[in-house]
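Trainee: Could you give me a close look at a single part of this one, and then connect that part to what lies around it?

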Amino acid sequence: AGVVNVVTGFGAEPGEPLVQHPDVPVIAFTGSLATGQRIASHAAPMMKKLHLELGGKDATVIAEDADPELAAKAVAFKEAMSPEFKQYSEQIIRNAKALAKALAARGFYIVSGGTDNHLMLVNVKKKGFTGKDVSEVLDHVRITVNKNTIPFDQESPFKTSGIRLGTPAVTTRGMKEAEMEEIAACIDTVLAAIGTPDEAAKLAEVRTRVAALTAKHPLPYRA
C-alpha cells in the first residue's frame, strides 16, 4: 500500500514499509481495509509510545483509500471542535490583550491601539530602534519576536520600524495574563538598557528571568 505521512506530506511508494514520524499522530494510506488493519496491528506499540510522547493525544491510523489532505483536515477540525481548544483559543486572545496593554503601559506604541486577535504590531521606531535592532537584542535574552513593517514605514523591509508579537506559543506553555506582564517587563528592561553601562548586566538578568519563566511553564510534551 502507498503510505503518506499526513502532516509533512512525505510519502512512500507502493510496497515500501510504513513511514512513521515520531511527532506525527496521524498516518493515512491508500489501500484495502484489510491492509489498514494489519498496519494498525503492527503500529500499535508505536502508537502507544506516540500517545505518551504527545501527552495523551490519541494517535490515529486512517485506512481504506484515505485522502491524506482530507485526513489532516479531519483531525484538525476534530481538535477545533473540542472544549479544550476553545478554552485555549480564548486564552490566546486574553493573553494578547494583556500583553498589548502591558507594553502600552510602559510607553510602547501599539499599532491600531491594541489587538483583537493573537497578534500585535509594535512601533519601536518611537523608542529610537529599528525592528531588526529589537529582534536581535531580544534573541540574546531568549525572547523571540519578528521584525515587521508598519503602516507608512520609512525603513526598508530588512530593518523595519516595528516588531510583531504573538501569544499562541506562550499560551501552549500554560502562561496566562500574569506572565504577559512579566514578558512586557522583560522587553522593556532590555530596551531601556541598550547603550547604557549596565547593558550586559541587565541582559544577563533578563535572560535569567526568561529561563525561570520557561522552566515554570515547560512545553507540554516535555513536561
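**A loop residue and its surroundings**

Mentor: Happy to! I194 counts as partly exposed because its relative accessibility is 28%, where buried means under 20% relative accessible area, exposed over 50%, and partly exposed in between, with a 1.4 Å probe and protein chains only. Keep in mind that this is a predicted model, where local features need pLDDT of at least 70, side-chain atom pairs count only at pLDDT 80 or more, and totals for chains, interfaces and linings use all residues. Residues are numbered from 1 along each chain as its sequence is written, and side-chain values use heavy atoms, with hydrogens and water left out.

I194 sits in the loop between α6 and α7 (199-216); helices are DSSP runs of H or I with at least four residues, strands are E runs of at least two, and both are numbered from the N terminus. Neighbours within four places in sequence aside, I194 touches F129, V137 and E199, contact meaning heavy atoms within 4.5 Å. V134 is 60 residues from I194 in sequence, yet their C-alpha atoms are 9.8 Å apart.

Now for helix α6 itself. The axes of α6 (residues 177-193) and α3 (residues 83-105) come within 8 Å and cross at roughly 35 degrees. Those axes are lines fitted to C-alpha atoms over the stretch in contact, with angles from 0 to 180 degrees between N-to-C directions. The crossing of α3 past α6 is right-handed, that is, the near helix is turned clockwise from the far one by less than a right angle. On the α3 side, the residues in contact are Q91, R94, N95, A98, L99, A102 and L103, and they meet E177, M180, E181, I183, A184 and I187 of α6. By type, the residues of this contact are eight nonpolar, two polar and three charged.

Turning to the strands, an open antiparallel sheet holds four of them in the order β5-β6-β8-β7. β5 (109-110) and β7 (146-148) are its edge strands, each pairing on one side only; pairing takes at least two DSSP bridges. Within it, β6 and β8 (residues 162-166) are antiparallel and share five bridges, with V122 opposite I163 in β8. Four of the five residues of β6 are buried.

Finally, a word on confidence: pLDDT, the predictor's per-residue score from 0 to 100, averages 79 for the chain, and 69% of the residues score at least 70. Residues 1-26 have pLDDT below 50. Where pLDDT is low, the predicted coordinates should not be read in detail.

Note on methods: Ala, Val, Leu, Ile, Met, Phe, Trp, Tyr, Cys and Pro count as nonpolar, Asp, Glu, Lys and Arg as charged, and the others, Gly among them, as polar.
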